[in-house]
Amino acid sequence: MSIYKEKKQKTKYLIQKSFLQVLEKKKFESTTIGDITKIAQINRGTFYLHYLDKFDLLDQMEEQLFSDIGNHIDELQSRYLPTRTFDIEQKQLADLLFSFIEINVPILKIFLSDHGRAGFHIRFKDTFSEKVRFNLEQHESFYANLKVPMEYFLSFITSAFLGLIEQWIRNGLDKTPKEMTELYIEIIFFIQRK
């Protein structure tokens, strides 16, 4: 990586980190570029070299988060073996996602709060839902017997999973990703038994 690219990456990281620090105290709507540049100790011109405005900054941060989630799921999907069962794959997927959430909790905690931009929860759910859909489409035998429309099934699955994530974050990550995976699997088995 060239020195210029490295410096650009460091500056973008500094701006994003400063933005999150502002959002810990202020709502997105009342956050200004001046708030961000003051904490980052850069001038406004430097900010505008990297972002159009605070909406562009937030959009890029959300896109990166969603892309990272998608890449983690795609990587796991590419390692599935034909002999593995759907249940094993779901457990691995859940474990991977809870691990990803643990790493990214600072940004998610803010974006899911009332300090983030309205609609993040919906955008997060839609992104997650598309990845779940892709995952299910790899297992035609599983969803061939589905007796409800796919969009309702996806809505239920993604809402339940995101609800667990939000509760885990509210609880201050009181469990490890493995414990959350076991909890998730136990809930699924409980529902199946009933």
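Buried means under 20% relative accessible area, exposed means over 50%, and partly exposed is in between, using a 1.4 Å probe and protein chains only. Keep that handy, because R133, with a relative accessible area of 24%, is partly exposed.

You have a predicted model open, where local features need pLDDT of at least 70, side-chain atom pairs count only at pLDDT 80 or more, and totals for chains, interfaces and linings use all residues. Residues are numbered from 1 along each chain as its sequence is written, and side-chain values use heavy atoms, with hydrogens and water left out.

**Stop 1: the whole chain**

Show the cartoon. The protein chain has 10 helices and 0 strands; helices (H or I, at least four residues) and strands (E, at least two) are DSSP runs numbered from the N terminus. Of the chain's 194 residues, 40% count as buried. Now think about contacts, meaning heavy atoms within 4.5 Å. Among contacts with a separation of 6 or more, 63% come from residues 24 or more positions apart.

**Stop 2: α1 and α2**

Select residues 3-23 (helix α1) and 33-40 (helix α2): their axes come within 8 Å and cross at roughly 115 degrees. Axes here are lines fitted to C-alpha atoms, for helices over the stretch in contact, and angles run from 0 to 180 degrees between N-to-C directions. Which residues make the contact? On α1, pick L14, I15, S18, F19, Q21 and V22; on α2, pick D35, I36, I39 and A40. They divide into 7 nonpolar, 2 polar and 1 charged.

**Stop 3**

Click on E24, in the loop between α1 and α2. E24 is exposed, with a relative accessible area of 55%. Leaving aside neighbours within four places in sequence, E24 is in contact with I110 and H115. Try the distance tool too: the C-alpha atoms of E24 and K109 are 9.2 Å apart, although 85 residues separate them along the chain.

Stay in this loop and select K27 together with D114. They form a salt bridge, with the closest N and O atoms 3.7 Å apart. A salt bridge is a side-chain nitrogen of Lys or Arg within 4 Å of a carboxyl oxygen of Asp or Glu. K27 lies in the loop between α1 and α2 and D114 in the loop between α6 (105-111) and α7, so the pair ties together parts that are 87 residues apart in sequence. K27 counts as partly exposed, at 38% relative accessibility.

**Stop 4: more charged pairs**

The structure holds 8 salt bridges. Side chains of opposite charge can pair when their charged atoms come close. Select D59 and R117, whose side chains meet in a salt bridge at 2.5 Å, N to O. D59 sits in helix α4 (residues 54-78) and R117 in the loop between α6 and α7, so this pair ties together parts 58 residues apart in sequence. Is R117 buried or exposed? At 17% relative accessibility, R117 counts as buried, while D59, at 30%, counts as partly exposed.

**Stop 5: helix α7**

Next, select residues 120-137, helix α7, and look for S129. S129 is buried, with a relative accessible area of 12%. Not counting residues up to four places away in sequence, S129 touches L154 and T158. Then pick E130 and R133, which meet in a salt bridge (3.7 Å, N to O). They are 3 residues apart in α7, so about one helical turn separates them.

**Stop 6: helix α9 and beyond**

Select residues 150-170. Helix α9 has 21 residues and reaches 30 Å from its first C-alpha to its last, close to the 30 Å expected at 1.5 Å a residue. That expected span is 1.5 Å times one less than the number of residues. The buried residues of α9 include F153, L154, T158 and W168.

After α9 comes G172, with a positive phi near 70 degrees. Most residues other than glycine have a negative phi. L173 is not a glycine, yet its phi is positive, near 50 degrees. You'll find L173 in the loop between α9 and α10 (177-193).

**Last stop: Q41**

Finish at Q41, in the loop between α2 and α3 (44-50). Q41 also has a positive phi, about 60 degrees, without being a glycine. Q41 is exposed, with a relative accessible area of 73%.

Conventions. Nonpolar A, V, L, I, M, F, W, Y, C, P; charged D, E, K, R; others polar.
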